[in-house]
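The report below is meant for someone meeting this structure for the first time. Please look over the sequence and the model before reading on.

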Amino acid sequence: MSDMTLRQWLLTDAPTSRRHARLASLYKGWLSLRSNTMAMFGLGILVALLLMAFLAPILAPHDPYAQDLANRLLPLGTEGHVLGTDSLGRDILSRLIHGSRITLYIVTLVALIAPLAGLLVGTIAGYTGGWADVVLMRITDIFLAFPRLVLALAFVAALGAGIENAVLAISLTAWPPYARIARAETLTIRSSDYISAVRLQGANPIRIITKHIWPLCISSLIVRVTLDMAGIILAAAGLGFLGLGAQPPSPEWGAMISEGRRFILDHWWVATMPGLAIFTVSLAFNLLGDGLRDVLDPKDGGQ
Amino acid sequence: MSMIEIDGLNVWFGHGPDRVDAVKGAAFTVEPGESFGLVGESGSGKSTILRAITGLAPDWSGRISIGGRALTGHKRDRAFYRQVQMVFQDPYASLHPRHSVDQVLSETLQLHGFRDIDARVVRLLDDVGLGQKFRFRYPHQLSGGQRQRVAIARALAGEPEIVLLDEPTSALDVSVQAEILNLLTDLREEHKLTYLMVSHDLPVIGHMCDRLAVMKDGEIVEVMAVGALRAMQAQHPYSQSLLEASIAPGSRSA
């Protein structure tokens, strides 16, 4: 035991304790994620984004709110303004760096609220069946029937403008697809023998749903969340564009695009730079999500 | 007092014109410590009787009593789950794909209210002939026979008196089948269990059971002792044809 390296200890066939087993399976998951080049690429971008958001005041060369009308709409590569300046002479690079905080904030909150709400509604509807299923699924249908942005607009109009309300509105419109996926998964799981077996041990429905059904629904939800990431960022941007999301002069990426839209023919970089930022982050989420799904998939997990 | 008493049991699925009567007027009793077999072809309602006992088939009428206590509806109480456990047919479907052996067994023990979970998990794994190195494995890392051993350990975790066996070996290789059957025989002796076993395999029933009931189209056509089975002395023509089919040229013998 003592001459065993840490790696051997983690890769053992016969773990000696629960903690050992958990660490070993985490390590094996990490190894399989690491062998997926694209997923690691996505993870790298997201780690960079996190660092960027965390260190924004240090990294940004300028104050993101400082206006300089004499130097407005400077092109790329100008000295002191690597990515140029926008219509009010603010440094685009600094605004992008500070904007990563807002983007991360919105994306994280929506990505937590919407799938969780969907998971809850979908699994309860799928597992209990009967009238609960009918009621919950018809509510889901009603939410699905509205175009997403229009519904979000209505919510923001009712709740008031601002980032928190935008997050809430986007989450409220984003959960129904998750509920549908979770319900479909639950329907196939609930009649399986392993659920019957745990029912025969006297487990109550709450325990069955949270401990036995949720872990199996999560991998397909993660894929869906990562695919939705770009849509979430754009929905936030759309609300910002309509004056109902992030308020100017906040450097939210979507709001920056809509500001730059006015100059898109003559000064393309003003809208393109935040667009590229959104594209990169969405791509990173997609790549990582795909890799995570491979790791989390129960059918070939740990192999 | 009989351990399992079933009288006039009807089980059906669906309602109205879609109603299918899976079991019609079944009646038999199983004594404490006995091993009772239910045989018949696919669709004859053998497994449905087990599902009605455990409450997994909600629509039934008639009388089912376990250890003298009559059951009603499809809700079962904690005392029932401690007394009666079931081993499912397909070990590939009866274990949660994301739960390790340790998780399966400790959750079961926790649900039955045991405190010394660690010691009991170790003992259960030894009981079913799986060593400690299997404790933290996941189902996809186990063979079919090993999975079935885990399923048996799970059924025994709550220290039941009655174990319902739903074709426990039909999804396994012939060589593994024998191991699992011997394990079940040993465990029955060791823990003084009562078995109610469903199978379409007469040699398996002949090996495992004391008495058996032959089922056809949802009805029990004959209840006989295993001696009569071995001596090929069935009363009912259907049971006789079943017996003859099982020793037909080319099939394996008991």
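The confidence of the predictor in each residue is expressed as pLDDT, on a scale from 0 to 100. Helices (DSSP runs of H or I, at least four residues) and strands (DSSP runs of E, at least two) are numbered from the N terminus. The model is predicted, and accordingly local features need a pLDDT of at least 70 and side-chain atom pairs count only at pLDDT 80 or more, whereas totals for chains, interfaces and linings use all residues. Residues are numbered from 1 along each chain as its sequence is written, while chains are lettered from A and ligands numbered from 1 in the order in which they are written.

**Confidence**

For the complex, the predictor gives an ipTM of 0.86 together with a pTM of 0.82. In chain B the average pLDDT is 89, and 97% of the residues score at least 70. Among the elements of chain B, helix α9 (residues 237-246) has the lowest mean value (85), and strand β7 (residues 162-166) has the highest (94). Where pLDDT is low, the predicted coordinates should not be read in detail.

**Chain A and its annotated regions**

The secondary structure of chain A consists of 12 helices and zero strands, and its C-alpha trace spans about 75 × 60 × 25 Å along the principal axes. For chain B, an unreviewed UniProt entry places "domain: ABC transporter" at residues 6-242. UniProt positions are given in the numbering used here, feature names are shortened, and annotations may be inferred rather than shown by experiment. The table sets out the computed make-up of some of these stretches.

| Stretch | Helix | Strand | Distance between end C-alpha atoms |
|---|---|---|---|
| Residues 38-60 of chain A | 91% helix | 0% strand | 28 Å |
| Residues 267-289 of chain A | 91% helix | 0% strand | 35 Å |
| Residues 100-289 of chain A | 83% helix | 0% strand | 20 Å |
| Residues 6-242 of chain B | 37% helix | 26% strand | 24 Å |

For the packing described next, axes are lines fitted to C-alpha atoms, for helices over the stretch in contact, and angles run from 0 to 180 degrees between N-to-C directions. A crossing is left-handed if the near helix is turned anticlockwise from the far one by less than a right angle, and right-handed if clockwise. Residue classes count Ala, Val, Leu, Ile, Met, Phe, Trp, Tyr, Cys and Pro as nonpolar, Asp, Glu, Lys and Arg as charged, and the others, Gly among them, as polar.

Helix α5 (residues 92-128) of chain A packs against helix α8 (residues 163-190) of chain A at an angle of about 35°, with the axes 5 Å apart, and the crossing of α5(A) and α8(A) is right-handed. The contact of α5(A) with α8(A) has 23 nonpolar, six polar and three charged residues.

Helix α7 (residues 148-159) of chain A also packs with α8(A), at an angle of about 140° and with the axes 9 Å apart, which makes α7(A) oblique to α8(A). Here, angles under 35 degrees count as roughly parallel, over 145 as roughly antiparallel, 65 to 115 as roughly perpendicular and the rest as oblique. The crossing of α7(A) with α8(A) is right-handed. Two residues are in contact if their C-beta atoms, placed from the backbone, lie within 7 Å; the residues of α7(A) that meet α8(A) include L151(A), F155(A) and L159(A), and those on the α8(A) side include A166(A), I170(A) and T173(A). By class, the contact of α7(A) with α8(A) has 10 nonpolar, two polar and one charged residues.

**Where the chains meet**

The contact between the chains takes 25 residues from chain B and 19 residues from chain A. On the side of chain B that touches chain A, α2 (78-83), β6 (84-87) and α3 (101-111) of chain B each supply at least two residues, and α3(B) gives the most, with three residues. By class, this side of chain B has 10 nonpolar, nine polar and six charged residues.

Within chain B, the axes of α3(B) and helix α4 (residues 117-127) come within 10 Å and cross at roughly 120°, which makes α3(B) oblique to α4(B).
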